[in-house]
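Work through the exercises below with the structure open beside you, and try each task before you read its solution.

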Amino acid sequence: MRNLLRENIRIALESIRSHMMRAVLTMLIIAFGIMALVGILTAIDSIEHAIKSNFSMMGANTFSIRNQSMRINIGNDRSERKYYPGITYREAVEFKQRFDMPVSTSVSAWGVSAATVKYKRETTHPNVNVIGGDENYLVTQGYEIAEGRNFSDAEIFAGDNVAIIGYGIKDRLFKGKSPIGERISVGPGQFKIIGVLESKGSGFAFSGDRNVLIPVNSVRRVFSRPGMSYRISVKADSPEHMETAISEARGTFRVVRKLKPEDEDNFDIGKSDSLIKALTENIKYITMAATLIGLITLLGAAVGLMNIMIVSVTERTREIGIRKALGATRKTIRNQFLVEAVTISQLGGILGIVLGIILGNITSLIFKSTFIIPWLWIAAGILLCAIVGLVSGIYPAVRASKLEPIESLRYE
C-alpha cells in the first residue's frame with residue numbers, strides 16, 4: 001500500500017513537471033486562497049495578542065470606579081444623554097478610607113494630554129500624558145519602577161512638585177544618563193524627577209513610556225479645572241476575590257454617594273478585561289468575514305483545479321489505455337488522479353500558508369507584537385487543501401477510471 005502511494009505521488013510529480021505552467025497557475029490560485037485565509041486570520045490573531053498585551057498595562061485583577069454617562073430613550077424615538085456627576089476628590093478619598101478589604105486602592109486624575117516636556121534645550125513631542133496618582137497608582141496600573149522611587153505619603157499630601165517619568169521621555173531628554181534629581185518643565189510647573197518607569201512600549205490606548213506621573217494633589221493645584229473628575233482603581237489580591245471586591249466596592253461607593261436602596265447606581269465599575277472582551281467580541285465578526293473570503297477564493301480554486309484535471313484526463317487518454325492494457329485496475333487509475341489533484345492542492349496550500357504567515361506577521365511588526373505561528377490555521381489550511389484536492393479530483397478520477405482500454409488506445 002505504501003509503495004503504491006509512493007508510486008502515485010511520483011507519477012503525480014512527473015505529470016506536474018510535464019505540465020508545469022498549468023500546474024503552477026493552479027497552485028497559485030490555491031495559494032492565494034490559503035494566503036488570504038491564513039494571512040488575514042494570522043493578522044487578526046496578532047491584533048488580538050497586541051490588544052491583550054497592551055491593555056494588560058492596566059494591571060491584572062483590577063477594576064475602576066468612574067463617572068458614567070448613558071443614552072436613555074424619552075419616547076417618540078428620541079433619546080438624550082443622561083450625565084451622572086463626576087467623582088469628586090472628597091468622594092474618592094472617602095471611598096479609599098472606607099473600603100476595608102485586602103486590596104490596593106488608588107485615587108488618580110487626568111492632568112493633561114498632548115503636553116510638552118522640556119529639559120534645558122531638549123523638548124519632547126506634544127504627545128505626553130500628565131497623570132496625577134497616589135502611592136498605590138503604580139500597583140493598580142501594573143507599572144514598575146526602573147530607577148528611583150515611588151511617591152511618599154508626604155509628597156502626595158503636600159502636592160509636591162515631583163514626578164515619575166516614562167522610559168521614552170528619559171531616552172528623549174536625557175540621552176541615556178540618569179534623570180534622577182533633574183528638573184523638567186511640564187505645562188506651567190517645574191517638577192523634580194524622583195523615578196523612571198520600566199518600559200512598556202506603546203499600543204492601542206496606552207503609551208506608558210510617554211507618561212509623566214505626579215502626585216494627585218499636584219494635579220489639583222497645577223492643572224485644576226472646573227468639573228474635574230477622579231478615578232478610583234482597585235486591585236484585588238487574586239482573581240477569585242474580584243467579584244467580591246467589586247460587590248463590596250459598589251456598596252461602599254453607594255454609601256459615599258448617599259444613595260437610597262431604590263436608587264440606581266450613578267457611577268460605573270469597569271474591569272480591566274472588559275474592554276478586551278468587547279474588542280475581541282467585535283474581532284470575531286472580522287474573523288468570520290475573513291474566513292468567508294478565503295473559502296470563496298478556495299471555491300474558485302477548486303473549480304479551476306477540477307477543470308485542469310478534466311483536461312489532464314482528456315490529454316492522457318492514451319496513457320490510461322496503455323496502463324489498463326498492462327493490468328492497471330480502475331481503482332489504481334482513480335487513485336492516481338486523486339493523488340495528483342491532492343498533490344497540486346497541497347503544494348499550493350503550503351505556498352499559501354508560508355505567504356500567509358509572512359503577510360499576517362507584518363501586522364505584528366506594525367503593532368510591535370510577537371511573531372505568531374498560527375498552528376490552528378495551518379492545520380485548517382492543510383485540511384482544506386486536502387478537501388479541495390479530493391473534491392476537485394474525484395470526478396476526473398472516476399471519469400479516467402471508467403475509460404475503456406481499447407477506445408483509449410485508439411484515442412488521438
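**Exercise 1: An exposed loop residue**

At 68% relative accessibility, Lys120 counts as exposed. The model is a predicted one.

**Exercise 2: Another lysine**

Task: Decide whether Lys258 is buried or exposed, and name the loop that holds it.

Solution: The relative accessible area of Lys258 is 66%, so Lys258 is exposed. Lys258 sits in the loop between helix 8 and strand 14 (268–271), and although it is not a glycine, its phi is positive, at about 55°.

**Exercise 3: Helix 3 against helix 8**

Task: Describe how helix 3 (residues 89–98) and helix 8 pack, and say which residues meet.

Solution: Two packed helices are described by the angle between their axes and the distance between the axes. Here the angle is about 130° and the axes of helix 3 and helix 8 are 10 Å apart. That makes helix 3 oblique to helix 8, and helix 3 passes helix 8 in a right-handed crossing. At the contact, Arg90, Glu91, Glu94, Phe95 and Arg98 in helix 3 meet Ala249, Thr252, Phe253, Val255 and Val256 in helix 8. Sorted by class, the residues of this contact are five nonpolar, one polar and four charged.

**Exercise 4: From Phe95 to the core**

Task: Which residues of the largest nonpolar core touch the most other members, and which helix gives the most to this core?

Solution: The largest nonpolar core has 55 residues, of which Ile65, Phe95, Ile184 and Val212 touch the most other members. Helix 8 (residues 242–256) gives the most to this core, contributing six residues. Leaving aside residues up to four places away in sequence, the residues that Phe95 touches include Ile65, Ala249, Phe253 and Val256. Apart from this core lies another, of 25 residues, with Ile333, Ile378, Cys385 and Ala397 among them.

**Exercise 5: Helix 10 against helix 11**

Task: At what angle do the axes of helix 10 (residues 317–325) and helix 11 (residues 330–366) cross?

Solution: These axes come within 10 Å and cross at roughly 140°, and the two helices are therefore oblique to each other. The crossing of helix 10 past helix 11 is right-handed.

Note on methods
Residues are numbered from 1 along each chain as its sequence is written. This is a predicted model: local features need pLDDT of at least 70, side-chain atom pairs count only at pLDDT 80 or more; totals for chains, interfaces and linings use all residues. Side-chain values use heavy atoms; hydrogens and water are left out. Axes are lines fitted to C-alpha atoms, for helices over the stretch in contact, and angles run from 0 to 180 degrees between N-to-C directions. Helices (H or I, at least four residues) and strands (E, at least two) are DSSP runs, numbered from the N terminus. Angles under 35 degrees count as roughly parallel, over 145 as roughly antiparallel, 65 to 115 as roughly perpendicular and the rest as oblique. A crossing is left-handed if the near helix is turned anticlockwise from the far one by less than a right angle, and right-handed if clockwise. A nonpolar core is a set of buried Ala, Val, Leu, Ile, Met, Phe, Trp, Tyr and Cys residues joined through side-chain atoms within 4.5 Å. Buried means under 20% relative accessible area, exposed over 50%, partly exposed in between (1.4 Å probe, protein chains only). Contact means heavy atoms within 4.5 Å. Ala, Val, Leu, Ile, Met, Phe, Trp, Tyr, Cys and Pro count as nonpolar, Asp, Glu, Lys and Arg as charged, and the others, Gly among them, as polar.
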